[in-house]
Amino acid sequence: MLISALPFNTSFFWHELLRPSSGFLGGLGRTVYISVLSQALAVIIGLVVALARRSTLRILRGVAGFYVWVLRGTPLLVQLVIVYDGLAATNIYRFQDMTLLGVTLIGSVQAAIVTLALNESAYMSEIIRAGLAAVDVGQNEAALSIGMTPAQSMRHVVVPQAMRFVIPPLGNDFNAMMKNTSVLSVIGVPEMFLITQEISSSTFHTFEIFLDAALYYLALTTIWTFIQAWLEAKIDRSWGIVPTHRSMLAALREHFQDSRTLGLSRRA
Amino acid sequence: MTSSNPPGTRLNGDGAALILEATEIRKSFGSQEVLKSVSLDVTRGEVVVLMGPSGSGKTTFLRCINHFEKPNSGVVWVNGHLIGSKLDRGGRRVDASAREIARQRAEIGFVFQHFNLFPNRTALENVMLGPIEVQKMSKDKARTLAVDQLTKVGLSNKMDAYPAQLSGGQKQRVAIARSLAMSPALMLFDEPTSALDPEVIGEVLTVIRDLANDGMTMIIVSHEIGFAREVADRVAMFDDGQIVEIGVPQQVFDNPTQARTKAFLSKVL
């Protein structure tokens with residue numbers, strides 16, 4: 001079959017961008033809640049794995065190290081197919097549609113959340129491990145000196161302080177996670193990418209609809225950038241660190257001024 | 001005198017209550033022997049200043065007292081507790097659990113050279129944390145206690161300041177208040193003024209001096225000879241992992257008997 005080329009349809013592009021179909025919005029919604037739920041689970045699992053890697057028990061360290069090694073060392077795409085199709089094909093486990101608190105989660109979405117959370121938890125555990133290591137050892141000693149147990153010191157002193165070092169790389173990972181949800185289309189999760197593909201094949205407006213999708217992904221990551229900046233400023237304030245009042249625009253301006261002066265001085 | 005001592009209190013030959021009894025403490029890091037059999041008894045209300053060249057083992061000895069370092073051998077008793085250990089039913093010494101060690105440490109205040117205040121908590125919250133989490137005190141009671149302690153160290157106007165907003169001298173006074181809030185039987189100071197600007201050393205020493213006048217039992221690692229002369233009941237001179245000389249300040253500073261004490265004093269005076 002020959003598909004004749006269509007010129008860029010401006011009105012289709014704007015219509016889908018400004019008044020997206022309910023199907024597209026549903027995909028967008030799934031992309032968001034799958035990312036958020038998976039990231040939240042990944043932080044919890046990652047914290048447990050990070051603490052296990054610092055354990056005094058060699059076996060616990062070994063198990064945690066193995067976990068990170070496997071999950072970071074294999075592609076997310078392969079993990080997805082193993083968890084959703086592989087487990088079902090061998091009759092080990094089949095993800096069934098499930099209704100929780102009045103919300104129905106279809107099987108593929110459950111598999112997606114589980115796999116993304118496990119995959120991301122391996123990266124989170126490394127980020128949290130680095131965050132814990134960045135807290136000065138004197139903080140732990142101060143907590144112990146007032147009679148805290150090592151567990152209390154971890155909970156009330158070390159982990160809260162590690163958060164300050166964890167948020168920036170965590171934000172970076174979450175940004176990647178939101179975009180990586182597009183691979184979920186492989187197991188049939190009706191998220192933004194799969195819906196976009198469907199619209200594309202039924203309308204042949206491939207360029208227009210994928211450009212719309214790109215703008216929506218960009219909007220999601222942009223919103224997250226602002227949330228992250230707000231979170232970082234909030235943590236800084238809770239440490240009594242005065243905000244420097246440097247907006248993102250100011251930072252950009254500075255960056256370009258720097259590169260311009262550099263260019264000038266090189267010419268001079 | 002003895003009747004006022006709590007049960008389990010150990011007494012020395014003169015019948016004075018022993019707060020610290022450290023006997024033949026040895027500690028090595030790898031092949032480096034940092035403490036070569038150090039013994040020290042401190043009675044209630046006594047102030048002992050530890051001096052000596054850096055690397056002589058003063059800080060390691062202090063850290064062995066509250067079990068930040070586990071001695072390779074030797075015994076530490078603080079306020080009737082065998083630190084880091086307990087006696088099993090057969091009377092043998094076995095390692096104490098993390099929880100038991102924590103309970104022992106709650107009775108020993110430790111003031112660090114670099115303060116180690118919790119940077120994400122205000123001065124008041126720094127002081128309240130121990131009473132709330134360790135002693136399970138109610139928030140209201142802990143707040144009243146923390147306000148009292150901060151007032152005692154002269155910081156009633158800095159309760160809500162974060163460590164980043166305080167000077168070094170103020171930070172160290174908050175750190176002292178944080179330790180005092182646990183009502184310790186013994187206070188350990190690890191070079192409490194070494195990280196401070198000269199003009200704020202005095203305010204921290206004043207707080208420690210007040211504590212001495214209140215009868216607090218203290219062991220202080222310090223290089224401040226004038227201060228030691230004033231507050232110390234005894235000065236212990238460390239060198240090469242041993243106490244080479246110990247006595248009242250006048251004797252140690254003015255009439256040292258050991259060549260190594262004289263050598264150290266000639267460098268710092």
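Here are some questions and answers about this predicted model.

Local features here need pLDDT of at least 70 and side-chain atom pairs count only at pLDDT 80 or more, while totals for chains, interfaces and linings use all residues. Residues are numbered from 1 along each chain as its sequence is written, and chains are lettered from A and ligands numbered from 1 in the order in which they are written.

Q: In chain A, where is confidence lowest?
A: Let's start with pLDDT, the predictor's confidence in each residue, from 0 to 100. Chain A averages 89, and 88% of the residues score at least 70. The highest mean in chain A is 97, in α6(A), while the lowest is 56, in helix α10 (residues 248–267).

Q: How many contacts beyond four places in sequence does the model have for residues 263–268 of chain A?
A: Two residues are in contact if their C-beta atoms, placed from the backbone, lie within 7 Å. Over residues 263–268 of chain A, pLDDT stays under 50.

Q: Which elements give two or more residues to the side of chain A that touches chain B?
A: The contact draws 20 residues from chain A and 25 residues from chain B. Helices (H or I, at least four residues) and strands (E, at least two) are DSSP runs, numbered from the N terminus. On the side of chain A that touches chain B, the elements giving two or more residues are α6 (137–145) and α7 (150–180) of chain A.

Q: On the side of chain A that touches chain B, how many residues are charged?
A: Ala, Val, Leu, Ile, Met, Phe, Trp, Tyr, Cys and Pro count as nonpolar, Asp, Glu, Lys and Arg as charged, and the others, Gly among them, as polar. By these classes, that side of chain A has nine nonpolar and ten polar residues. The charged count is one.

Q: What gives the most to the side of domain 1 of chain B that touches domain 2 of chain B?
A: Chain B has domain 1 (2–107 + 184–268) and domain 2 (113–183), with bounds from an automatic or database domain assignment. Their contact takes 14 residues from domain 1 of chain B and 13 residues from domain 2 of chain B. On the domain 1 side, β10 (186–190) and α6 (198–213) of chain B each supply at least two residues. The top contributor, with four residues, is α6(B).

Q: How many bridges pair β2(B) with β3(B)?
A: Two strands pair if DSSP finds at least two bridges between them. Strand β2 (residues 17–29) of chain B is joined antiparallel to β1 (residues 10–11) by two bridges, and antiparallel to β5 (residues 73–78) by five. With β3 (residues 32–43) of chain B, β2(B) also pairs in the antiparallel sense, and the number of bridges is nine.

Q: Which residue in the turn between β2(B) and β3(B) has a positive phi?
A: β2(B) and β3(B) form a hairpin with two residues between them. In the turn, a positive phi of about 65° belongs to B:G30.

Q: Which are the edge strands of the six-stranded open sheet in chain B?
A: The strand order is β9-β10-β11-β4-β12-β13, with mixed pairing. One pair within it is β4 (residues 47–51) with β12 (residues 234–239), which run parallel over four bridges. Pairing on one side only, the edge strands are β9 (108–111) and β13 (242–247).
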